[in-house]
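Welcome! Here is a short tour of a helix and a loop residue, for anyone opening this structure for the first time.

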Amino acid sequence: MSLRFDDQVLIVTGAGNGIGRIYAMDFAARGAKVVVNDLGGSMDGDGQSSKAADIVVEEIRKAGGVAVPNYDSVEFGDKIVETAVSNFGRVDVVVNNAGILRDVSFGKMTDRDW
């Protein structure tokens, strides 16, 4: 018997690429309704685009899953939750995966990196 998430509502932050994309795709394949959150910024946190989230949502839908995009920053988590509630009525699981790449060691971080 496989692990299923049928009709569970799941938010995945940072779901446009990398491991966040894998989480979103895998949970959807296991029956979850997924909010694909991605700000669409670059690896260092600059910019914003809906493209990454839209691509993942389209892939999930083509595979027979259920997903909606959200483009808000995790700073505004209430807006991400609002997307889930307005589309699916609730939130069951949150995978807080969003982040940006800071390719420096802890000792070399500046105040701005925080």
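**A helix and a loop residue**

The buried residues of α2 (buried means under 20% relative accessible area, with a 1.4 Å probe and protein chains only) pack against α1 (18-29), β2 (33-37) and β3. Helices (H or I, at least four residues) and strands (E, at least two) are DSSP runs, numbered from the N terminus. This is a predicted model, where local features need pLDDT of at least 70, side-chain atom pairs count only at pLDDT 80 or more, and totals for chains, interfaces and linings use all residues. Residues are numbered from 1 along each chain as its sequence is written, and side-chain values use heavy atoms, leaving out hydrogens and water.

**Helix α2**

- Helix α2 covers residues 51-62 and has 12 residues.
- From its first C-alpha to its last, α2 reaches 16 Å, close to the 16 Å expected at 1.5 Å a residue (1.5 Å times one less than its number of residues).
- Ala52, Ala53, Val56, Val57 and Ile60 are the buried residues to look for in α2.
- They cover an arc of only 130° around the axis, so they sit on the same side of α2; the arc is that of the directions from the helix axis to the C-beta atoms.
- Lys51 and Lys62 are exposed (over 50%) on the face of α2 turned away from its buried side.
- Gly64 follows α2 and has a positive phi, near 95°.

**Val74**

- Val74 lies in the loop between β3 (66-70) and α3 (77-88).
- With 41% relative accessibility, Val74 counts as partly exposed, meaning between the buried and exposed cut-offs.
- Leaving aside residues up to four places away in sequence, Val74 touches Thr13, Asn37, Ile80 and Ala98, with contact meaning heavy atoms within 4.5 Å.
- Val74 and Ala98 are 24 residues apart along the chain, and their C-alpha atoms are separated by 7.5 Å.
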